[in-house]
Amino acid sequence: MSAIALLMGLLLLSYLGSLIVRGRATHGLPSGVEYACLGFVVGPHALGLVDRAMIDDFSPVIHVALGWLAFVVGLDFGRVEGRRVRKRAMVLGIACALITGLVVGLATFWLLSIAHVAGIERTGALVLAAGAGAVTAETTRFAVDWARARYDAKGPVSALLFEIAASDDLAPLVVLGAIFSVSRPAGLSVELPAIGWFGVSVALGGLLGTVTALLLRSAEGYAVWGALLGTLMLGVGTAERFGLCSIFVTFVMGVALAAASPARRVLRTMVGATERSVLLPMLLLAGARIDLNPLFQSRMLVVVIAVLLIARVTGKLLSGLLVRAAAAPALGKFVGVVLIASGPISISSGLVLALRFPGPIGDTLLVAAVVSAILGEFVSTFALKRLLFRIGEATDPAAAGGSAS
Amino acid sequence: MSSSKHGKTVLGRIVDVFSLAVVFGIGYGASRVTSSFGEAAIAFALGLLLLGGTLMSELVEIIGVPHLTGYLLAGILAGPYVFHLIDHATAQKLEAVNSLAIALIALAGGAELRIDSLRQGFKSLLTATVFQTLFGLVLMAGVFFVARPAFVRDMPIVALAGVSLLWGVLAITRSPSATLAVLSQTRANGPLARFALSFIMASDVVVIVALAVVVTIARPLIEPGVALSFAAFRDLGYELLGSIAMGTTLGLALAAYLKLIGKQLLVVLVALGFGATEVLHYLSFDPLLTFLVAGFVVQNLSRQGDKFLHAIEETGGVVYVVFFAGAGAHLNVPLLREFWMVALLLTGSRVFVTFMSAKISSRVAKDEPAVRTWAWAPLVSQAGVSLGIAQVVARQFPSFGPHFRDIAIACIGINELVGPVLFKFALDRVKETKQPSPSLDDAEPTVLNS
């Protein structure tokens with residue numbers, strides 16, 4: 001397959017993604033993991049229609065797409081459906097992500113400290129453990145949104161879950177920012193402590209977000225897109241040159257823009273509409289980037305992924321108990337199962353880590369992200385559907401029956 | 001390619017200067033921290049050029065200079081010859097954007113051409129084409145022959161005549177992209193804008209034919225052992241007819257899509273810009289002509305013209321900034337410094353010849369006053385087509401072609417900077433430019449109230 005053919009394929013996916021927005025995102029799987037699977041199938045390790053060199057050629061596109069998605073999340077952070085997330089829901093969301101990330105991180109590090117994996121030394125083990133925590137921390141808002149739209153669900157529990165899922169992206173992105181600040185690339189002429197690089201990430205995102213807000217004061221029509229794309233690409237490019245986490249920088253940029261721009265509502269509407277158009281091609285490229293070779297070479301990495309998934313389920317069950325205790329006592333003990341759904345943020349985090357740490361660490365984390373999303377599809381989506389019907393928030397059996405068929 | 005209402009206040013200008021300083025400051029800081037441009041170098045360059053170009057265009061607007069010049073300046077400053085915020089390799093990679101930009105420029109150019117106005121201005125267009133082409137080619141060949149730059153000094157007279165003819169063809173090339181960029185920024189409408197658009201779009205076809213004719217004639221003059229061959233005309237016929245046929249088909253398909261679906265035009269245009277261009281290259285058709293015809297068909301054989309133009313403007317606005325700023329980054333400043341004297345002589349002569357040809361043809365065609373006075377102004381700009389011809393000469397005549405190309409690049413650089421300024425000045429003088437449209441802040445109350 002030529003690069004142009006791949007580009008056309010990505011544009012086709014982008015086109016389909018834009019149609020899904022219009023259809024209220026109820027088509028396909030909530031996490032969009034099927035596109036990652038498609039990418040894997042056409043990628044170098046299955047059918048080989050897209051080779052590794054070509055994927056590497058597309059890496060600037062991947063970086064920009066990842067940055068854009070994080071920027072969209074940042075721009076809309078702390079808001080759902082045009083209103084602010086309640087404080088309690090936000091705290092719960094962040095706490096759930098932290099609990100899960102911590103459980104996964106500790107479990108992974110414990111395993112790596114008792115079992116040696118070739119090519120992963122102590123620093124690598126720390127990066128892998130922290131990365132695993134970041135990759136598995138989220139509950140995707142797409143799953144809750146998908147279930148609410150598909151089964152016409154309305155009520156306090158679905159609203160709470162949606163708010164939690166919309167708030168928990170902060171923790172993994174901050175952890176990614178921290179990982180990149182600690183693990184520095186060679187060849188930089190400036191040396192700073194990790195906290196300094198983390199500060200640079202925040203300052204860069206904040207500065208670019210503010211500049212974007214200033215530019216948008218006088219922008220019109222396509223100049224708005226020019227300012228948005230320009231600052232985003234500059235942010236992504238600068239972050240990559242400094243060895244910083246580009247998706248953390250653009251996330252901060254989105255938050256800063258939302259805070260500084262009086263046109264934030266128009267921007268959210270404009271930018272939000274592009275999310276699926278960017279997401280589907282990104283997922284395809286993420287799937288094509290999956291490399292199973294390190295797992296074949298070191299079976300211990302398969303065990304790492306298994307432990308990581310078990311820890312994730314445990315972390316989410318604990319998170320569920322917290323949610324139950326803090327906000328919804330009427331829910332069952334296993335409400336955490338509905339929080340297992342993961343998706344774009346997980347896969348984006350996995351892909352960013354795979355690009356930054358090529359080899360066993362990055363590849364393991366990307367595989368873990370995709371497997372986690374698949375697990376979420378099998379477990380969480382059905383659990384969520386059952387929960388919503390059980391508590392009477394999904395009240396449209398015709399829609400449910402129609403969709404089930 | 002934005003224009004602004006708020007940006008014209010003092011505060012707005014200060015904000016622009018601050019933002020530009022931040023953008024270049026980040027670029028400068030990045031270049032000091034690491035010499036490696038890395039994996040995302042292209043994203044960095046695109047962001048820098050897009051923002052730098054947009055901001056610079058807002059600043060140069062103060063002195064009445066078109067945005068296009070601001071984009072070029074930003075590219076020159078950021079490029080490998082001045083601040084080196086973008087390296088050579090990345091500047092080369094930016095050329096990938098060119099195929100999309102050229103497709104959009106040609107589609108917009110075709111869609112701007114309306115049969116009615118072409119019919120009205122047909123006499124003027126035909127006269128100007130004949131005079132500008134014949135006078136321009138012959139007189140500029142003469143100037144080159146007399147100027148006799150260093151690399152042709154030892155050539156026999158006959159060979160020099162052949163090279164001079166090639167220079168003549170180069171001199172009659174115009175810049176559709178610069179013309180459309182200035183028209184897009186100023187939203188100009190009137191006799192001069194219509195004349196400029198139709199003439200320059202038509203001149204693209206004329207130049208393709210002229211190049212084939214001149215190469216056929218010049219080759220035996222330059223290379224004595226080579227016989228006159230008309231094989232080039234067979235290829236030319238294939239290219240022209242094929243491009244027109246393909247453009248018509250594409251135009252009809254686009255019109256059908258716009259009527260039946262009409263959504264996601266951005267994705268469709270990007271797919272056309274990259275995918276269709278690749279197919280056209282494979283088929284040896286001319287993308288510029290094909291897209292020009294496609295745009296013309298959409299405008300004149302369907303009712304989708306305005307919708308189509310709006311979509312192109314939305315997409316093209318961003319692409320043009322990168323296209324021109326990228327061209328600026330490519331501008332070989334050391335070469336310009338080396339050849340500035342001969343380049344100045346050749347460009348000055350070209351402007352004079354264009355001016356005189358325009359005066360004579362306008363008198364013959366009895367043009368309207370605006371065209372009679374300023375018809376020459378839009379014809380000064382040169383850019384991509386001219387560079388393409390310089391590359392063709394360099395490739396087909398390796399003995400002197402690279403030197404020819406170097407001087408051509410120096411001349412094109414001058415014309416690229418001066419031409420758009422002259423064109424905008426002319427449009428301002430004949431009062432064909434319009435006010436900018438509302439900004440994002442104006443949209444906010446509407447959304448809030450809805």
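How many residue pairs are in polar contact between domain 1 of chain B and domain 2 of chain B? There are 5 residue pairs, with both residues at pLDDT 80 or more. A polar contact is a pair of N or O atoms within 3.5 Å; within protein, one must be able to donate a hydrogen and the other to accept it, and residues adjacent in sequence count only if both atoms are side-chain atoms.

Before you click on, some ground rules: this is a predicted model, where local features need pLDDT of at least 70 and side-chain atom pairs count only at pLDDT 80 or more, while totals for chains, interfaces and linings use all residues. Residues are numbered from 1 along each chain as its sequence is written, chains are lettered from A and ligands numbered from 1 in the order in which they are written, and side-chain values use heavy atoms, with hydrogens and water left out.

**Stop one: inside chain B**

Colour residues 10-94 of chain B as domain 1 and 96-429 as domain 2; these bounds come from an automatic or database domain assignment. Their C-alpha centres sit 27 Å apart. Where they meet, 23 residues of domain 1 are in contact with 27 residues of domain 2 (contact means heavy atoms within 4.5 Å).

Together the two domains bury about 2100 Å², with 75% of it on carbon and sulfur atoms. Buried area is the accessible area (1.4 Å probe) that two parts lose on being put together, summed over both.

**Stop two: where the chains meet**

Bring chain A back into view. Here 52 residues of chain A are in contact with 60 residues of chain B, and the area buried between the chains is about 4700 Å², 69% of it from carbon and sulfur atoms. Pick out A:Glu220, A:Tyr222 and A:Arg241, which supply 20% of the area that chain A buries against chain B, more than any other three residues.

Residue pairs in polar contact do turn up: 3 of them, both residues at pLDDT 80 or more.
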